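Have the view open and follow along.

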Amino acid sequence: MTRYDDVRAAAADWQSFTSAQGVALLPEFNGNLVGSVLASDPPEHDQLRAVLSEKLAPKGLSKVRSDIRGYADQLVEQVVSRGRFDAVVDVARVFPINVVADLVGLPQEGRDKLHPGADATFAGFGPFTPYLQERLPAVRGYHEWMAQMTDRAKLTPGGWGEVVMDAVDDGRLSMLGAIKTISAYMTAGMDTTVNAISAMLRLFADSPEVWSTLKSEPTLAGPVFEEILRLETPVQGFFRVTTKEVTVGGVTIPKDQRVLLHWAAANRDPGHYPDPARFDIRRNPLDHMAFGYGVHACAGQGMARMEAVTLLEAFIERVDRFELTGPVVRGGNPVVRSLDSVPLSILPARS
Ligand code: HEM
């Protein structure tokens, strides 16, 4: 499904389009997913999602905002003082990974496995490509490491990991459920935000007028992020399975069919967004499908928005202009729209 109205209606109708048989394409990968927050239906889904809902609600997030802003300042200060850096390698793959790993309460040791592991895991939602085949060892290493994170001794007190383990202690989650929950939040919170931030920094180098407008109106930071998510939708799509015969756009889909909800295509549907391939700083498309919709709508969207906006605030204070210093390298992940390299130089802010 590629049209905005169809994708949105299917995402809203979990009774006809189930996630409980997995949201990946292949049975080998759905086997591991089933029973996680992402691959379950209500009421089981709602219980799994409730475990971390307080931490990710606006009140929970407001408690960590100043720490995240402090980390953004520190990282941006560091790259700005160098003058030249890679937006993907030095910023986008560093900031969200450490923010989420700190919040979960994961040790420093082993964090280097997180981005390659999450990226490979996302590739496993799609077809069996050479990209995925080459990365199967990374998927295994990542999941083995994540399984060790149910050892409380490894987790920082007060973090999301400890909240998940409390749910095991009082019988709300099984141990396997705990592993699936920690890895669902870690995986979902990485490649997604990493690629949204990469795309955003690339845009500022490609379109200096967008950066100048943002500098003069910093309250546009939120709308800039929403428009980037619409245009560069990091998660291209996830699957559902029909539980009965359904008719979509005049086409009848039989029961038990795996259907792709193509978030990225929906976000460029000219029937919903006029001139969809154009970045419009004032569009503020809050109804985009980059975070999905319905009961499975992204649990970390407030977090992702906070990460992007704090990072933008830190750059706005310190940078007058971004320039590309070499070719942009696109990543090969078939499920996530990704960038591997965006080499930049900056002109520091005058004041
Ligand atoms: C720009 C960043 C992000 C994007 C584009 C994104 C995208 C998505 C999408 C499309 C879904 C819907 C899945 C479906 O309907 O099958 C989703 C679900 C989810 N996301 Fe995100 N995500 C982002 C950031 C995050 C972050 C930072 C976290 C947590 C730290 C997170 C945690 C989750 C979880 C746990 C789910 C499953 C929710 C459920 O099934 O109820 N995401 N995300």
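In this predicted model, β2, β10 and β7 form an open three-stranded sheet in that order, with antiparallel pairing. Its edges are β2 (84–86) and β7 (319–324), each of which pairs on one side only. From one strand to the next, the twist averages 35°. If you zoom in on β2 and β10 (residues 343–348), you'll find three bridges holding the antiparallel pair together; Arg84 has Ser345 in β10 as its bridge partner. Then there's α18, which lies across β2, β7 and β10 and runs at about 100° to β7.

Cys298 sits in the loop between α17 (263–266) and α18 (301–318), and its SG is the only protein donor of the ligand's iron atom, at 2.3 Å.

Now over to β3 (residues 238–242). How many of its residues are buried? Five of the five, so the strand is largely enclosed by the rest of the structure. Phe238, Arg240 and Thr242 point one way, while Phe239 and Val241 point the other way, and all are buried.

| Strand pair | Sense | Bridges | Example of facing residues |
|---|---|---|---|
| β2 and β10 | antiparallel | three bridges | Arg84 and Ser345 |
| β1 (residues 17–18) and β3 | antiparallel | two bridges | Thr18 and Val241 |
| β3 and β6 (residues 258–261) | antiparallel | four bridges | Phe238 and Leu261 |

So what stands opposite Val241 in β3? That's Thr18, whereas Phe238 has Leu261 of β6 as its bridge partner.

Conventions
Residues are numbered from 1 along each chain as its sequence is written. This is a predicted model: local features need pLDDT of at least 70, side-chain atom pairs count only at pLDDT 80 or more; totals for chains, interfaces and linings use all residues. Side-chain values use heavy atoms; hydrogens and water are left out. Donors are N, O and S atoms within 2.8 Å of the metal (3.2 Å for Na, K and Ca); water is not among the atoms, so sites may look incomplete. Two strands pair if DSSP finds at least two bridges between them. Axes are lines fitted to C-alpha atoms, for helices over the stretch in contact, and angles run from 0 to 180 degrees between N-to-C directions. Contact means heavy atoms within 4.5 Å. Buried means under 20% relative accessible area, exposed over 50%, partly exposed in between (1.4 Å probe, protein chains only).
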